[in-house]
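Good morning, and thank you for coming. I would like to take a few minutes to go through the model now on the screen.

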Amino acid sequence: MNNWSIARMSFRYIGSKARVVEAIIENIGSPDGGMLIDAFSGTGAVADAASRAGWPVHVNDHLFSSAIMSYARVISSAQAAFANVGGYHGAIESLNAAEPRRGFIWKEYSPASSARCSIERMYFTEQNAQKIDGVRHLIAEMAGSNLVTDVEEKILLADLLLAANRVANTAGTYGCFLSKWQRQSLEVVSLVPRQIPDNLPKAKMSHCDVLDVKCSEEDTVYLDPPYTKRQYAAYYHILETIALGDEPTVEGVCGIRPWQHIASDYCYKVRAANALERLVAEIPARRIFLSYSTEGHVPLSILNEAFQGLGEVVMHHLDAIGRYRPNRAASAAGSEVGEVLFSIEKPAVESKEAA
């Protein structure tokens, strides 16, 4: 397995569609002139597959960390030459040689946190936390000096997130740290260069609420909303802090950054059905695909009935996938859930001239 494969496969993410992505793209079909908008992009498995199938893609996520991880997967060397830093591999070498810093990640998410709040937050060793802070600072310096473009900066940030994730002392998410250091968390953090394709359709990125994503009638929109109570903003808070490079006020044993202001309605059982129907109704695109699960808050029959009033609806049953588990032992004992892909084809909007 090459380094590129390791970098792409090492991230466990709640609701990941990596195991059913081929079936999703098969149902979406070939490029038809518009863009494929992956509006809840997560780590970008669907956007990546769509881009390689020839779709120009637009990735979006409410979390900046997720948006840039998705975006980095659909960028070609034509959009990111890294001309001012000795090429992409030169940039990675410079970042891996960055001086450690006692910054925010070290202060709040390593045992050094005990000096401030009497809690040893064991997310990262002190050595790795200082290295993460040092790399994040150098990326900001490179961007501030115009040594890297906005697109190149996002690729490097995504590489840092993957590197940090590989040495995080967690059970797969960042809701809490483990009380004993795991083997991978004692390894030295290091950025692994990804393989950037020479040619891909041009990609776009946004970082906003899904209802604010701009699209046209000709575009195809893929939706993969949350379907359980897990709030991604809380579960992946440290990655969001690294990506944003800010220093939020954090509290509690786990040091979670404020997230309630971006809490998702799709994670609340009493709100999810209405929120999903409103979402599909308000999207201007005619072709919409929505992934959902048999363990979701809203019964599939309710969703199917709600969507029937919006256009022609087909419900595709995809292969069962394993329920999200935080580690290998839990995965081995876990049950499976069914994945469904709704296809909604809205009627064409009559133009004023035709009317």
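Helices here are DSSP runs of H or I with at least four residues, strands are runs of E with at least two, and both are numbered from the N terminus.

Before I continue, a word on the source. This is a predicted model, in which local features need pLDDT of at least 70 and side-chain atom pairs count only at pLDDT 80 or more, while totals for chains, interfaces and linings use all residues. Residues are numbered from 1 along each chain as its sequence is written, and side-chain values use heavy atoms, with hydrogens and water left out.

To return to Gly 255, is this residue buried or exposed? Gly 255 has 0% relative accessibility and therefore counts as buried; the term means under 20% relative accessible area, with exposed being over 50% and partly exposed in between, for a 1.4 Å probe and protein chains only. Leaving aside residues up to four places away in sequence, Gly 255 touches Tyr 109, Arg 121, His 237 and Val 250, where contact means heavy atoms within 4.5 Å.

I turn now to the sheet. Seven strands make up an open sheet with mixed pairing, in the order β3-β2-β1-β4-β5-β9-β6; two strands pair if DSSP finds at least two bridges between them. The edges are held by β3 (204–206) and β6 (312–317), each with a single partner strand, so one side of each has no neighbour in the sheet.

Within the sheet, consider strand β4 (residues 220–223). Both of its faces are covered, with Thr 220 and Tyr 222 buried on one side and Val 221 and Leu 223 buried on the other. As a general point, side chains in a regular strand alternate between the two faces of the sheet. Strand β1 (residues 36–38) pairs with β4 in the parallel sense over three bridges, and Asp 38 stands opposite Tyr 222 in β4. Strand β5 (residues 287–293) runs parallel to β4, joined by four bridges; there, Thr 220 has Arg 287 as its bridge partner.

On to the next pair: β5 and strand β9 (residues 339–345) run antiparallel and are joined by seven bridges. Here Tyr 292 stands opposite Val 340 in β9.

The helices come next. Helix α8 (residues 126–144) packs against helix α9 (residues 150–166) at an angle of about 175°, with the axes 10 Å apart. That makes α8 roughly antiparallel to α9, a term for angles over 145 degrees; axes are lines fitted to C-alpha atoms over the stretch in contact, and angles run from 0 to 180 degrees between N-to-C directions. Residues of α8 in this contact include Ile 132, Val 135 and Arg 136, and those of α9 include Glu 153, Leu 156 and Leu 157.

The largest nonpolar core has 79 residues, and Phe 82, Phe 124 and Leu 156 have the most contacts inside it. Such a core is a set of buried Ala, Val, Leu, Ile, Met, Phe, Trp, Tyr and Cys residues joined through side-chain atoms within 4.5 Å. Its largest share, 10 residues, comes from α9. A second, separate core of 29 residues includes Ala 285, Phe 307, Val 313 and Phe 342.

Notes:
Angles under 35 degrees count as roughly parallel, over 145 as roughly antiparallel, 65 to 115 as roughly perpendicular and the rest as oblique.
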